[in-house]
Amino acid sequence: MTDTPAQNTPAVEFAGVDAWFGTTHVLRDIDLTVARSETLVICGPSGSGKSTLIRAINGLVAHQSGTIRVAGFTLDGSAKATDAVRARVGMVFQQFNLFPHLTVLENCTLAPLHVRRLGLNAARDLAMGHLARVQLADKADRRPAELSGGQQQRVAIARALCLEPEVMLFDEPTSALDPEMVQEVLDTLTELAGAGTTLLCVTHEMGFARAVADRVVFMDEGQIVEIAAPDAFFDRPRHPRTQGFLSRILG
Amino acid sequence: MSRADGFLTEGYVRKTLIPPAPPPRRLGGPLAWVRTNLFASWTDGLVTVLILAALAWLVPLALRFLVFDAVWTGTSGEACRPEVVGHPVGACWAFIGEKINYLAYGSYPAAERWRPNLFFALLAFGAGWMLWLGAPKRAWGAAYLFVVFPVLAYALLAGMPALGLVSVATGLWGGLLVTVVVSMVGIVASLPLGILLALGRRSDWPVVRYACIGFIEFWRGVPLITVLFMANVMLPLFLPGDLTVDRLVRPLVGIALFASAYMAEVVRGGLQAIPEGQMRAALALGLTKTQALRAVVLPQALKIVVPGIVNTLIGLFKDTTLVSIVGIADFIRVLEAARADPRWSAPAVPATAYAFAALFYFAICFGMARYAGFIERRLAAGDAR
């Protein structure tokens, strides 16, 4: 899947990871290795720990045991490791979470200016490049609230891309969108996957999973229940929970 | 066959799309405006009439007192006595005219009054720089107002013999000067302090959180007048014998801490209104928590609470009058002292003094409120959708 010789560590590596929210066991013995350039779709019923899993990758959720390594850095709870990982991981949220008081361009230049310490012109050029990539260069001076949901989510993708991340995380990127806007976001994701970005996506868009994913991960009750290539996953699910889930959502 | 039946049985397909049309024209003219806005119903009409009647009663009364029956010139209370003037006397503006320097500077030595004047000018310059949103280099304006200006102001007002500025004891400061100094210190200190306290109250670190809660609840739970008496009477008892705190500084600190507790609660309201996703997204972009607060959360939170902040500042400004009770010669106290001048004993003088104080405080508070309204509209226009 990956053949970049200089980057021979996996993009993301979970080894025996457990996490709790209070007394709730939200991640249970997670083992998962994501190769560079791989596209991984994570699905499962709500409350199954999908969002928690990808939030653990950039330290938005702390794990209590096991090891998470991202782009060669081990998340050990130290600020240094967390900063190093967050600077290499882009994240896109279900609710976009654009900053409403900033323009589209300012949303995109925030991290380049404050995290990567680029100059203003370099940050602008970078941001305009990524806005062009999501076909929103003409909206650079607008406020997020002036854009449609699909456009906002594409801005959020451009904003994350401005980190020039090694890994992109998507947490249900189309779930808050009107049906007619889902496709434009999925097209952007497909383009990213095709360009070799390591991509982990929590989604219920099974058509997208089948067409774009290298592997599909099915989670339930905080654990990974099944991992398979998309064809095998959809056509020959092995675990009864997977079969039940697929029959419910595919009808 | 009825139309409804047609829908049910035959379905419906539009043959031509309707182009947009202008809205129906509204009834014009001032008469229509009066009818819809003042006399739409008989209760509306009754309220309109009652308000007009109240205005018709109050406005002439106020005008007579403030303008028509007022005495504008004179050198003593004699000029403002009805039996001398020969008609009823309203405000005795001659009194204010003669005392205006005292009201502005208190007992600040007359030869040194250029110093408070320069102080007012420097303050107006800095405040104008900050308040005018289109001003160039506002970051420098902030640096000037919050760092350079306080040092300059202190040297200028208290004196700096090394620079040839004679020392002027704070006991001699008075009037508008003291009111402005106390309010400015309160405003400049309470906003940053309030923001820090609000952030501290939401800290993940229990020690910080409980310290901030304790601080806020203590200062909110104590009347300001108690704080001022404590600062004035009790503070020296707690300090070592040879250490004294200036009599003006004591209530200043009290007011600043008191106002910051209120400010903290206003700011906290704003912080709570910002969805958690904003902080999460900022952290995911690699910003540190401090950067995320400064660039993402605080700008939005403070914007929401502009009305609350201004409300607190107006309250703070009016509360500064309480320092007069602990012997600080603020605007109200010098006004009281001036009206007790036996040379100006006339029935109209106390009323004039209080009317002048009311106008003075109202003008400043109303100015603050108008400016805040302007800021709110500007911010709202900023994210027009």
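Student: How many helices and strands does chain B have, and what makes a stretch count as one?

Tutor: Chain B has 16 helices and zero strands; helices are DSSP runs of H or I with at least four residues, strands are runs of E with at least two, and both are numbered from the N terminus. Keep in mind that this is a predicted model, where local features need pLDDT of at least 70 and side-chain atom pairs count only at pLDDT 80 or more, while totals for chains, interfaces and linings use all residues. Residues are numbered from 1 along each chain as its sequence is written, and chains are lettered from A and ligands numbered from 1 in the order in which they are written.

Student: What is the radius of gyration of chain B set against?

Tutor: Against a compact globule of 385 residues, which would have a value near 21 Å, whereas chain B has 29 Å. The radius is taken over C-alpha atoms, and the globule rule is 2.2 Å times the number of residues to the power 0.38. The C-alpha trace of chain B spans about 100 × 70 × 40 Å along its principal axes.

Student: Which residues of chain B touch chain A, by number and class?

Tutor: In chain B, 17 residues are in contact with 20 residues of chain A, contact being C-beta atoms, placed from the backbone, within 7 Å. Helix 12 (276–284) and helix 13 (289–304) of chain B are the elements giving two or more residues to that side. By class, the side of chain B has eight nonpolar, five polar and four charged residues; Ala, Val, Leu, Ile, Met, Phe, Trp, Tyr, Cys and Pro count as nonpolar, Asp, Glu, Lys and Arg as charged, and the others, Gly among them, as polar.

Key: Contact = placed C-beta atoms within 7 Å.
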